[in-house]
Amino acid sequence: MDSLTHIALGACMGEAFAGRTVGRKAMLWGIFAQSIPDIDFIAATWLDTTSNLLVHRGFTHSIFFAIAISMVMAWLANSWHRPHNISFRRWIFFFLMATGSHIFLDTFNNYGVGLLEPFHHYRMSFNTIYVADPFFSIAPGIAVVMLLLLKQQHVKRRFWWKFGLVISAVYLSYCVVDKTIIDHDVKKILDRKNIPYTRYLTTPAPLQNWLWFVVAGNDSGYYVGYRSVFDRQNDMHLEFFPRNDSLASSFPDKKTLEKLVFFSQYFYTIEKRVDTLVFNDLRFGQVTGWHNPKEEFAFHYYLQPDIDNTLVVQRGRFAKWNEATFKTYIRRIKGD
């Protein structure tokens, strides 16, 4: 999830755990524990782009890291707040829940999380909720504002931390239901169209959970399209994009290419745009594919010539959004 959402959730968890014991400092501990896995962002200061793609949500988002850092934070908190009536074991449990929930939530996005690092490099992603979904974030956000406004012993504080955590959990469960509906419908459509596929994914389009981006295909290429939970027709438009592995033969940096392929979980295409060789990671969707089915992909890495790829994940996320594409977006969400 985005950093602000992690901060809000951490504050609610801290208040729930020790708000009455250590005051607002409990919210700070929760924020720290929820945010610590994202410390991997500093690696971008010395790593090249492709290496940083794999480091982000890698080791610091692993089970091993969560356990180790939770013990360190528990020792610090236990020492800092003496005297208190919180056992060291309870401190460990709290920090493990706060840090672990950050990692758990990130697995529901499409980026991929290295849960088993450093022992295995497999990256897990459930592709269930968009990385920045305001409908998920609004409840914990409101809760934190109220917790900051209310006095420390106010009876309503208990209500607000519950509000922030429970509503977001309910919404995440709702997102799982949406994905189940979409997968059921899309797989029926693919079977009816006799479209062969060995790899398949569905992931929410930006900022909501009703319109979903669909990818299905194999080593020859991928069919992509959009499906809304409100669609009633038993059909959908699917655009085919060839994978074009042969184009990569002209790219000399094989290590960079291997990292990109691994990061994409093999959901990729390679294309030639005039004189530019481009690697597309399909998991991040198209720029405005609901408006133009042939639109370029949001994640596009320039292989040749040497062009700055520092902002490769963010570069195309909201490019070409305007009044016309936004209106089309709303209509597609509604199932029109």
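Biologist: What makes I39, F41, I42 and W46 a nonpolar surface patch?

Modeller: In this predicted model, these four side chains form a patch of about 460 Å², where a patch takes residues with over 30% relative accessible area and no salt bridge, nonpolar side chains being joined within 5 Å. A salt bridge here is a side-chain nitrogen of Lys or Arg within 4 Å of a carboxyl oxygen of Asp or Glu, and the areas come from the Shrake-Rupley method with a 1.4 Å probe.

Biologist: Why does F41 count as exposed?

Modeller: F41, in the loop between α2 (25-35) and α3 (49-55), has 60% relative accessibility and therefore counts as exposed, since exposed means over 50%, buried under 20% and partly exposed in between. Helices (H or I, at least four residues) and strands (E, at least two) are DSSP runs, numbered from the N terminus.

Biologist: Why is H300 called buried, and what does H300 touch?

Modeller: H300 has 3% relative accessibility, so H300 counts as buried. The residue is found in strand β7 (residues 297-304), and, leaving aside residues up to four places away in sequence, H300 touches R273, V278, F279, N280, N309, V312, R315 and G316, contact meaning heavy atoms within 4.5 Å.

Biologist: How many residues does the largest nonpolar core have, and which have the most contacts inside it?

Modeller: The largest nonpolar core has 28 residues, and V186, L190, L211 and V215 have the most contacts inside it; such a core is a set of buried Ala, Val, Leu, Ile, Met, Phe, Trp, Tyr and Cys residues joined through side-chain atoms within 4.5 Å. The largest share, six residues, comes from β2.

Biologist: Why do N194 and V274 count as exposed, and what is the phi of each?

Modeller: N194, in the loop between α7 and β1, counts as exposed because its relative accessibility is 64%, and V274, in the loop between β5 (268-273) and β6 (276-286), counts as exposed because its relative accessibility is 81%. Phi is near 55° in N194 and about 55° in V274, whereas most residues other than glycine have a negative phi.

Biologist: How are residues numbered, and which limits apply?

Modeller: Residues are numbered from 1 along each chain as its sequence is written, and side-chain values use heavy atoms, with hydrogens and water left out. Local features need pLDDT of at least 70 and side-chain atom pairs count only at pLDDT 80 or more, while totals for chains, interfaces and linings use all residues.

Conventions
Buried < 20%, exposed > 50% of the residue type's maximum accessible area, 1.4 Å probe, protein only. Patch = residues over 30% accessible without salt bridge, like charges linked within 9 Å, V, L, I, M, F, W, Y side chains within 5 Å.
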